[in-house]
Amino acid sequence: MSPKRVDKAARRQEILAAAVRVFARKGFAAARIDDVAAEAGIAKGSVYLYFDSRDALLEAAFDAHAARVADTLAGADDSAEPLDQLATLIRATVTMLAEDADLARIQLDLWSTPLDIAGVYRDYRARIGALLREAELRPGLDPDRTATVIIGAIEGCLVQWLLDPQISLLELADPIVEVCVEGLR
């Protein structure tokens with residue numbers, strides 16, 4: 001009987017998905033490699049074949065989240081008016097977060113880690129700030145500070161959604177656009 005062949009890329013993704021579920025359920029501080037292995041249905045040592053540590057798992061989850069944010073930023077329609085692009089970007093971001101509640105939940109853990117999450121926020125603020133500069137807002141309105149406020153509105157709604165199951169994050173996309181984009185017109 002020949003040994004079972006394992007698709008290493010698929011196994012790595014399975015372990016990462018299990019880690020995200022465990023981190024979301026238990027919190028990063030309380031999660032253990034044993035928990036991730038059990039969630040993935042593999043031996044603890046198998047996790048270490050793909051990830052050096054629990055921190056490496058968190059970093060890989062962060063990298064996956066950062067890649068999704070970058071894809072969202074890159075997916076904006078450059079032919080639309082800047083504020084219309086911003087509205088589309090906000091809706092895409094909210095949808096991305098709502099589609100993966102576990103990853104959104106561990107984002108809270110990411111805020112308290114030494115990972116460079118600030119870099120992702122800088123990129124996001126820069127993209128929004130560029131759209132606001134292109135929109136030629138009223139004098140005295142700082143595009144970079146306004147970008148920070150828009151991200152704060154999205155993040156604030158994210159936190160409320162995670163804490164209160166009666167809130168629908170997807171249903172908040174239009175109100176965020178109304179306040180943060182239409183309010184600028």
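This report walks through the pocket, the cavities and a few side-chain contacts of the structure above.

The model is predicted, so to speak of local features a pLDDT of at least 70 is needed, side-chain atom pairs count only at pLDDT 80 or more, and totals for chains, interfaces and linings use all residues. Residues are numbered from 1 along each chain as its sequence is written, and side-chain values use heavy atoms, with hydrogens and water left out.

Let's begin with the voids. On a 1 Å grid over the protein atoms alone, a cavity is a set of points where a 1.4 Å probe fits but cannot get out; a pocket is an open set with protein on both sides within 12 Å along at least five of seven lines, and lining residues have an atom within 4 Å of a point. Volumes are the space filled by probe spheres set on the points, which are joined across faces, edges and corners. The whole structure holds two cavities of 30 Å³ or more.

| Space | Volume | Lining by class |
|---|---|---|
| Largest pocket | about 160 Å³ | six nonpolar, one polar, four charged |
| Largest cavity | about 130 Å³ | eight nonpolar, three polar, one charged |
| Second largest cavity | about 40 Å³ | four nonpolar, one polar, two charged |

Here Ala, Val, Leu, Ile, Met, Phe, Trp, Tyr, Cys and Pro count as nonpolar, Asp, Glu, Lys and Arg as charged, and the others, Gly among them, as polar.

In the largest pocket, α1 (8-26), α4 (54-74) and α6 (101-110) each supply at least two lining residues, and α1 gives the most, with five. For the largest cavity, α7 provides the largest share of the lining, four residues. The second largest cavity has at least two lining residues from each of α4, α5 and α6; among its lining residues are His 65, Arg 68 and Met 96. Helices are DSSP runs (H or I, at least four residues), numbered from the N terminus.

Gln 85 sits in helix α5 (residues 82-99). Its relative accessible area is 3%, so Gln 85 is buried (under 20%, with a 1.4 Å probe and protein chains only). The Gln 85 side chain reaches the backbone oxygen of Ala 80 at 2.8 Å and makes a polar contact (a pair of N or O atoms within 3.5 Å, one able to donate a hydrogen and the other to accept it) with the side chain of Arg 127, at 3.4 Å.

**An aromatic pair**

There is one aromatic pair in the structure. The ring centres of Phe 23 and Phe 28 are 5.2 Å apart with planes at 80°, so the pair is edge-to-face (centres within 6.5 Å, planes over 60 degrees apart). Phe 23 and Phe 28 are both buried.

Conventions
Buried means under 20% relative accessible area, exposed over 50%, partly exposed in between (1.4 Å probe, protein chains only). Rings of Phe, Tyr and Trp (its six-membered ring) pair if their centres lie within 6.5 Å; planes under 30 degrees apart count as stacked, over 60 as edge-to-face and the rest as tilted.
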